Amino acid sequence: MIAGKDTICAGEDVSFNVNFTGQGPFKFKYLLNGIESPVLTSTQNTFPISSTNIQENQTFTLTFVEDAFCIGSANGIATVTTKAHPQIKLLIGRNRICFGDTTSIRFQGANLSTFNAVLKGSDGSLYPLLNQNLSSSSNTISPTQNTTFTLSNVGITNNDCPLQLDSVVSIVVN
């Protein structure tokens, strides 16, 4: 029998056990997303099935079981649901401005709704960014000198997976 349900972030690993009853050795096969495994053998009553670096949902279905004497009843399904990592990329309207001008900061990304962050400038400037979203948030900044900005202290909602962040831009002030 195989059973289980797990939710993971893309790129993580998972393992399930196939549990046997009867007299070993045991032979068995399973489907992984509809693709059949070769016949596997276990001398133990439990056999681990591992899957690494998972990028999409997976379904393991036990299809064949045989002990030392008889063909058994193969049953059970184990499922893995994969959640995508939230992604944020920091974009600027113009990377070269004149002294006193402004430029815009906005975001590209995926797999998140709103977030809070702080935009930190190499000149010591701080811009709190509250309730930002990927589709409509645009923020105006006006550095007075050449400045490199990084996005930090990012707090996201609705996703437990680690953030993938591309968050450095530079602005030249003439």
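This is a predicted model: local features need pLDDT of at least 70, side-chain atom pairs count only at pLDDT 80 or more; totals for chains, interfaces and linings use all residues.
The chain has 17 strands and 0 helices, and its C-alpha trace spans about 85 × 25 × 20 Å along the principal axes. The structure also holds 1 disulfide.

**Overall shape and surface**

- The radius of gyration of the chain is 26 Å, whereas a compact globule of 174 residues would have one near 16 Å.
- Of the 174 residues in the chain, 33% are buried.
- The chain exposes about 9600 Å², and carbon and sulfur atoms supply 48% of that area.
- Among contacts with a separation of 6 or more, 63% are between residues 24 or more positions apart.

**The disulfide and other cysteines**

- The disulfide is formed by C9 and C161, with 2.1 Å between their sulfur atoms.
- The link of C9 and C161 is left-handed, with -100° about the S-S bond.
- This pair links distant parts of the chain, 152 residues apart: C9 belongs to strand β1 (residues 4-9), and C161 to the loop between β15 (147-156) and β16 (164-166).
- Both C9 and C161 are buried.
- C70 has a relative accessible area of 48%, so it is partly exposed.
- C98 is partly exposed because its relative accessible area is 43%.

**Q58, a buried strand residue**

- Q58 is located in strand β7 (residues 58-66).
- Its relative accessibility is 11%, so Q58 counts as buried; the cut-off for buried is under 20%.
- Beyond residues up to four places away in sequence, Q58 touches L32, N33, S51, A78, T79 and V80.
- The C-alpha atoms of Q58 and V18 are separated by 16 Å, and the two residues are 40 residues apart along the chain.

**S167, a buried loop residue**

- S167 sits in the loop between β16 and β17 (168-173).
- With a relative accessibility of 11%, S167 counts as buried.
- Setting aside residues up to four places away in sequence, S167 touches L90, F149, T150 and L151.

**N95 and its partners**

- N95 is in the loop between β9 (87-92) and β10 (96-97).
- Apart from neighbours within four places in sequence, N95 is in contact with S170, I171 and V172.
- N95 and V39 are 56 residues apart along the chain, and their C-alpha atoms are separated by 59 Å.

**Backbone features to check in the viewer**

- G24 and P25 are joined by a cis peptide bond, with omega about 5°.
- P25 lies in the loop between β2 (14-19) and β3 (26-32).
- N33 is not a glycine, yet it has a positive phi of about 50°.
- The position of N33 is in the loop between β3 and β4 (35-36), and N33 is among the residues that Q58 touches.
- N33 has a relative accessibility of 36%, so it counts as partly exposed.
- N131, not a glycine, has a positive phi of about 50°.
- N131 is placed in strand β13 (residues 126-133).
- At 58% relative accessibility, N131 counts as exposed, because the cut-off for exposed is over 50%.

Key
Residues are numbered from 1 along each chain as its sequence is written. Side-chain values use heavy atoms; hydrogens and water are left out. Helices (H or I, at least four residues) and strands (E, at least two) are DSSP runs, numbered from the N terminus. The radius of gyration is taken over C-alpha atoms; the globule rule is 2.2 Å times the number of residues to the power 0.38. Buried means under 20% relative accessible area, exposed over 50%, partly exposed in between (1.4 Å probe, protein chains only). Contact means heavy atoms within 4.5 Å. Accessible areas come from the Shrake-Rupley method with a 1.4 Å probe; for residues, only the protein chains shown count as cover. A disulfide is a pair of cysteine sulfur atoms within 2.5 Å.
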